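Come along and check each entry with me.

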Amino acid sequence: MMIILNLGFGMNPALVGIAGAIPRATDALIDPLMGFISDQTRSRWGRRRPYIFVGAILSGISYAVLWAMPIGKTESFYFWYFVIGSNLFYVAYTIFAAPWVALGYELTPDYHERTRLMGVQNFIGQIAYLVSPWFLWIMTHKPWFSTPTEGARSLALTIGIVAACVGILPAIFLRERFVHEPETEASTAAREARTSLWQSTKHHTIEFLAGCKSTLQSRPFLKLCIATFLVFNGFIMISSFQSYVIIYYVFGGNQERGAEYAGYAGTLGAVSTFAVIFFITWLATKIGKKRAFYVSTGLSMVGYAVKWFCYDPSRPWLVMLPAPLMAFGLGGLFTLMGSMIADVVDCDELETRQRREGMFGSIYWWVVKVGMAAALAGGGFLVNWTGFDVALAGAQTPRTLVLLRLCDVLVPFIASGIAIWAISGYPITEEKAQDVRQELERRRGLANQPVVIP
């Protein structure tokens, strides 16, 4: 929806990128803290579920308010309204997302069931992407809305309501496998000894920093973070370029026709992702998670490359052909990475005797979101670097169109290639994961029973 800041409110693309990057940076900073809080929480409802429930509702409300910007204001007003509003939204979203991600890692101890679980999660999540490629068309469809800004306000309100209603479902229906052991006299005495605010804050700060350090020292985990950073943020950096190329190169500046075909391509990509998830989930059980990542990311690189030939003004229907191949990138990534991180968490427990799904999940997304902040900012500057000027409409220069197309193809292609190299050293095989699971079960009991953790 951020493209409306440029096309609807007239903001400079570089400012749009910065406005998207600053809140993402804030989001990244509070992610590890929320993961730590979730790991340490003791409540009758569990470690994760209370935050998921409250965070979902706050996220929906803040998102609707974020896009309720008044018309006729200055560029500076829109910039600061969006930055402040986005920061509030991402605080609410982190309250939901960090515990939600952690809960997914702990739902099953089985090596292959983890992949199937993440495949189902990713499959359900893709349903939203059947609709989201049409957001630009919806917001600019004149029979429904007189201006794109009016369309953005109405669409955001609908999204906020749906997100809040759907987001509370995990808190209501899921149950947690890991629960904290009851406090002993010794632990109660230690807690009461830290009666002052300063002592309590100091103790938890030391624990938090030690947990961050320990998590970042896991080499298998870092490889997963690097691969995700490259694949996901290579895509994010040029996420708006596809729309620009389709509108201003393929359709010569016709926003409605361009948005329509961008919607077709996006919907086809989303539908293709359903098949990708099934295929990659099956493939990972046959050849391993690491090799399945090679296949999914490699096929997405082919999709990025053929965009150069398929985005053709004389044959606009070709814009849909790369979409099924590009779907392998994120479809495979988020099916495999969650499963592989769950394996890493088990290895960490074997070494540290702690269950830290929240910390691993939040650090993982912290790395992703720091990269996303840089990618959003960099993407805005890249649009300016190409010489794009929204005031020129369909009269963009040939140089601008070529540079837009090159960025659209090369940035995600190169980033994905480096990601394949980074993941080649990931060491946790199925055999090693099974050995770790057996040792953990020997240490703390049957895997399918509720597990008490210190």
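**Entry 1: the whole chain**

I noted at the start that this is a predicted model. I counted the secondary structure and got 18 helices and two strands. The chain has 454 residues, and 52% of them count as buried. I then looked at the contacts with a separation of 6 or more, and residues 24 or more positions apart account for 81% of them.

**Entry 2: helix α3**

I checked the length of α3, which runs over residues 49-66. Its 18 residues reach 26 Å from the first C-alpha to the last, close to the 26 Å expected at 1.5 Å a residue. Which residues of α3 are buried? I listed R49, I52, G55, A56, S59, G60, S62, Y63, A64 and L66. These buried residues pack against α4, α7 and α8.

**Entry 3: helix α7**

I did the same check on α7, residues 148-167. With 20 residues at 1.5 Å each, α7 should span 28 Å, and its end C-alpha atoms are 27 Å apart, so the two values agree. The buried residues here are T149, G151, A152, L155, A156, G160, A164 and G167. What covers them? I found that the cover includes α1, α3, α4, α6 and α8.

I began with α13 (residues 255-287) and α15, whose axes are 7 Å apart at an angle of about 50 degrees. That angle makes α13 oblique to α15. I took down the residues in contact, among them A265, L268, G269 and S272 of α13 and A323, P324, A327 and F328 of α15. I also noted that the crossing of α13 past α15 is right-handed.

Next came α5 (residues 111-126), whose axis comes within 10 Å of that of α13, with a crossing at roughly 180 degrees. How does α5 run relative to α13, roughly parallel or roughly antiparallel? I wrote down roughly antiparallel, because angles over 145 degrees count that way. The contact includes H112, T115 and R116 from α5, and A270, T273 and F274 from α13.

**Entry 4: D312**

I found D312 in the loop between α14 and α15. Is D312 buried or exposed? Its relative accessible area is 17%, so D312 is buried, as that is under the 20% cut-off. The side chain of D312 also makes a polar contact of 2.9 Å with the side chain of S314.

I looked up L382 in α16 (residues 357-385). L382 has a relative accessible area of 17% and is buried. Leaving aside neighbours within four places in sequence, L382 is in contact with M237, F241 and C407. L382 and C407 are 25 residues apart along the chain, and their C-alpha atoms are separated by 8.1 Å.

I finished with L401, which sits in α17 (residues 398-423). L401 counts as buried at 14% relative accessibility. Not counting residues up to four places away, L401 touches Y248, Y249 and Q396.

Technical notes
Residues numbered from 1 in each chain as written. Predicted model: local features only at pLDDT ≥ 70, side-chain atom pairs only at ≥ 80, totals over all residues. Heavy atoms only, no water. Helix = DSSP H or I, 4+ residues; strand = E, 2+ residues; numbered from the N terminus. Expected span 1.5 Å × (residues − 1). Buried < 20%, exposed > 50% of the residue type's maximum accessible area, 1.4 Å probe, protein only. Contact = heavy atoms within 4.5 Å. Polar contact = N/O pair within 3.5 Å; in protein donor to acceptor, adjacent residues only side chain to side chain. Axes fitted to C-alpha atoms, helices over the stretch in contact; angles between N-to-C directions. Parallel < 35°, antiparallel > 145°, perpendicular 65-115°, else oblique. Left-handed = near helix turned anticlockwise from the far one by under 90°.
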